[in-house]
Every structure is written in C-alpha cells, then in structure tokens.
Amino acid sequence: MDLQGTHFLYTQATEKSLKTLDYDYKRCNGCGICVDICPTKALELGPIHEIATGLDAPSVMMDLEKCTFCRMCSNLCPVQAISFEAVGEVPDENQYPKYDTYVNINEKCLPCLLCEGACPQDAIEVEFTFPKKEEIAPFKEGVKGEIEIDTEKCNFCGICARFCDAFLLLEREPTPENPVPFEQLLVDEDKCDYCVLCQDICPEEAIKVKGERPCEAPKVEGTVKVDELKCTQCGRCKAVCPYEAVDLQKPMEGKLSLIEVNLKECDPQGCRGCFNVCPSELWYVPTDPEDPRKIAFAEEFCIYCGACVKACHLGAIKVERTDVHHTEIPDTPWATQWRDAIESLKTGVRKGVDRAVLRETETLKAQKFMGVEFPCIDEETLAAVQAKIDSLMPVLKSAKVRKLWETDSSEKTTAAVKKKMES
C-alpha cells in the first residue's frame, strides 16, 4: 500500500500481472456500497458520522491480505472514488459488469451555460465557438437606441452575455429547490451600441432592440463536454436545460424517505452530515415559515447511493433501491458473485463468499540503482563501534554527568565522561 496525496494505492504483483486499486478518500462519500458487496470482507467502513461532520479521515479502509482485486468495488462505486488498473495477463474489462450510466447531450443543445453552472461536481464544460460581438461589429461610440429584456421570457441561458460585454449575468448558488445558477440579467447601456445582434441570437426572443444592425448575427455554436470521472448522473443538468437536450440514466432507481419518529433530535444546522456527503446536494432546510419540516430533499436528484443513511446518527433516513442499471454479466466463473452483489444492492442481503480467499502472491521487488556501489560493511569495525556505544550508555544515564553537561564546559564534561567509562 502507498499513499499519494488523497489517494491510497493498493498493489498486487504476481509473475503474470500487476494490479492496482486507486482509492481517493476525498472523493469517497462513505456510501458503503463497496463494503457491503465485497466478497471477501476486505473493506471496512470508518466512523462515517464523524467524517461527514468534519473528521479528515478515509471512509473506507482495506485489508490487503483479504483483497483479491476482483474489481467489484471499483466497478460499482457510484461516485468513482475507486479505480482499477492492471497490466499483464488479466481478463478483459468487458468480462466484468459495471453501472450502465450516461449523460448524453443531444442535437437539441444550442449550447448554453445553464448545465455547466448547475452541475454540483463541476463535470460539465461548455465551449462556445461562435465569434463575440466585438470581433464582427466593434463598439461604436455615441450611438442612440433602446434595449429591453423581457424577464418573463428570459431563461438565463447566458448566450447574450457570452456574445456581448454589455450584458451581465448575475450568478447565484444553485439550490435543490432552484438549481438554476443565475438570477438576473443586466444591461450596461454605456457598453451597448444597439446593434440588434443580441436580439437576433436570443433563442427565447427575450431581447428587443431599437437600433441599426451592422451585419448578420452569427449562428450559436459550441460543444458541451461531460467528464465521466466526475459526473454522478444526479440529473441537475437535465432539470435546468430548457431545450430537453440532456439524455440521462442514473446508476440506480429507488425511493428516498425520512423516518419521522427518529427526526425529533435532528439538527440540520448543527449536524449537516447528510448535506456534506450527498454528491447531488439535494438536502435543504425549508425557509417557508409555514413549512413545519426540519429538513427536506429534492428526490429527483438522488442517485440512491445511501451515503446519507450512513451519515445520519439518528437513523432518520431510508433509501430503498428498486433497480440497478448495469451492463451485461458475461458467462464467466465469477458471474455468480457479480449477480449476487448487484442483487444485494436492492435486497440488502449479500450471498456468496463470507470469508477471506487466501492467495499467495509475489511481493514487488525493489528496484536496482544502476551505477551506485553500496559501501562494504566491516564486521570487526561494526562490533567495535557497538562495544563503544554499549559502554557509553551507562554514562549517559548518569544524573551527575547529565547535569555537568548542562552547566559546565565541554572540556570538563568530556573528561568526566572519559573517567566514568574507564572506571
């Protein structure tokens, strides 16, 4: 095992292969799925409530002697906190099932800025490729005109702000109740020369301009990239997209609920354990004075990982999984174990192996340092040095010698030590 930053690297070396499990404990949210499905019980869950409320520690620890590097934890981690790499003679990765998840941006995408700003994992990057206004129609001083924004039509797509510096799109912190990342669109008329081009590119016809059009407006073009290693398929991007341009499938389906009888001591402001571990950031405290609830959630963003269940020290949260979206389970010697593991995500009952599988493996050999000659060890000299050290130790334990060392000169101290050793 090795530690590099926030990554625990577990390695298994044999004559035929080298396998590595990379566990990023900062990305792990402590859902415990890997612990529950591990066929050899090689994984152990830490103090999740303490970790969820501020303790800087890994949520999961591994017993390397029990681990068989079966890939189950990495393939079924819903937040990609564990990855698996192997070189040498190992089965192809297609021999092992994994979650069948995706976030696809379809042909309806303009694109716009809403999905990028709404993503809680910073997994979406929007790149516009159409020119800015200044490139095709430089600003003209002293031009008179009028511009008006219809706030009923504007959906804060941000295209006008990307196109022209006269627009200012005010950001806001997305919430479960309102995941839209912007709250207001302003116009700085000192920077506007009423070219009408913003009116032409607005997809909602929310901008009206009285002015002179210097040229034809560009077509809105660009690309949207989704980082699969960061994305957890929470669905916020789909919720904010006004053009139905996001096709999405979560890893699991189910139901999230609260156990009311256990909520009496719930303190969401002081604890916030469920808030801190949720990758979808779906928990919130109702602000409506008429709403009697202490805590609430937006279930449409839930991926049913169950981290909130583990984090709640009151046992007030319940997650029930009804379906697991996964790739085909090939007909392999280990297929039964995988079927049992995936089924246990729904039933909570893990069948199969319940003890460690012992395997003898060759440890990694130390690298040879080319061109470096290590010094020879003279056994006689080493024995003589050790004898001197052994004779010196009683002297160093003498209170009188130590006091002399602290209060007198080095010459007198040396003489006293020598006399004590000779006696």
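Thr232 counts as buried, at 2% relative accessibility. In this predicted model, Thr232 sits in the loop between strand E13 (222–226) and helix H8 (236–240). Leaving out residues up to four places away in sequence, Thr232 touches Arg27, Pro78, Val79, Gln121, Pro251, Pro279 and Ile303.

Phe139 also has a loop position, between helix H5 (133–136) and strand E9 (146–149). Phe139 is partly exposed, with a relative accessible area of 29%. Neighbours within four places in sequence aside, Phe139 is in contact with Lys133, Glu134, Asp190, Lys191, Cys192 and Asp193. Asp193 lies 54 residues from Phe139 in sequence, yet their C-alpha atoms are 6.3 Å apart.

Lys400 belongs to helix H13. Lys400 is exposed, and its relative accessible area is 74%. Between Lys400 and Tyr304 there are 70 Å in space, C-alpha to C-alpha, and a sequence separation of 96 residues.

| Residue | Relative accessible area | Class |
|---|---|---|
| Thr232 | 2% | buried |
| Phe139 | 29% | partly exposed |
| Lys400 | 74% | exposed |

Next come the cores. In soluble globular proteins, nonpolar side chains tend to be buried together. Here the largest nonpolar core has 48 residues. Ile147, Phe167 and Ile207 have the most contacts inside that core. Ile207 is in contact with Ile147, Glu148, Cys160, Phe167, Cys198, Gln199 and Cys202, leaving aside its neighbours within four places in sequence. A second, separate core has 41 residues. Among them are Ile37, Leu76, Phe275 and Ile303. Ile303 is also one of the residues that Thr232 touches.

H13 (residues 399–407) packs with helix H14 (residues 410–422). The angle is about 165 degrees, and the axes are 8 Å apart. Angles over 145 degrees count as roughly antiparallel, so H13 and H14 are roughly antiparallel to each other. Their crossing is left-handed.

Which residues of H13 and H14 meet? From H13 come Val401, Leu404 and Trp405. From H14 come Lys412, Thr413, Ala416 and Val417. The residues of this contact divide into five nonpolar, one polar and one charged.

Notes:
Residues are numbered from 1 along each chain as its sequence is written. This is a predicted model: local features need pLDDT of at least 70, side-chain atom pairs count only at pLDDT 80 or more; totals for chains, interfaces and linings use all residues. Side-chain values use heavy atoms; hydrogens and water are left out. Axes are lines fitted to C-alpha atoms, for helices over the stretch in contact, and angles run from 0 to 180 degrees between N-to-C directions. Helices (H or I, at least four residues) and strands (E, at least two) are DSSP runs, numbered from the N terminus. Angles under 35 degrees count as roughly parallel, over 145 as roughly antiparallel, 65 to 115 as roughly perpendicular and the rest as oblique. A crossing is left-handed if the near helix is turned anticlockwise from the far one by less than a right angle, and right-handed if clockwise. Contact means heavy atoms within 4.5 Å. Ala, Val, Leu, Ile, Met, Phe, Trp, Tyr, Cys and Pro count as nonpolar, Asp, Glu, Lys and Arg as charged, and the others, Gly among them, as polar. A nonpolar core is a set of buried Ala, Val, Leu, Ile, Met, Phe, Trp, Tyr and Cys residues joined through side-chain atoms within 4.5 Å. Buried means under 20% relative accessible area, exposed over 50%, partly exposed in between (1.4 Å probe, protein chains only).
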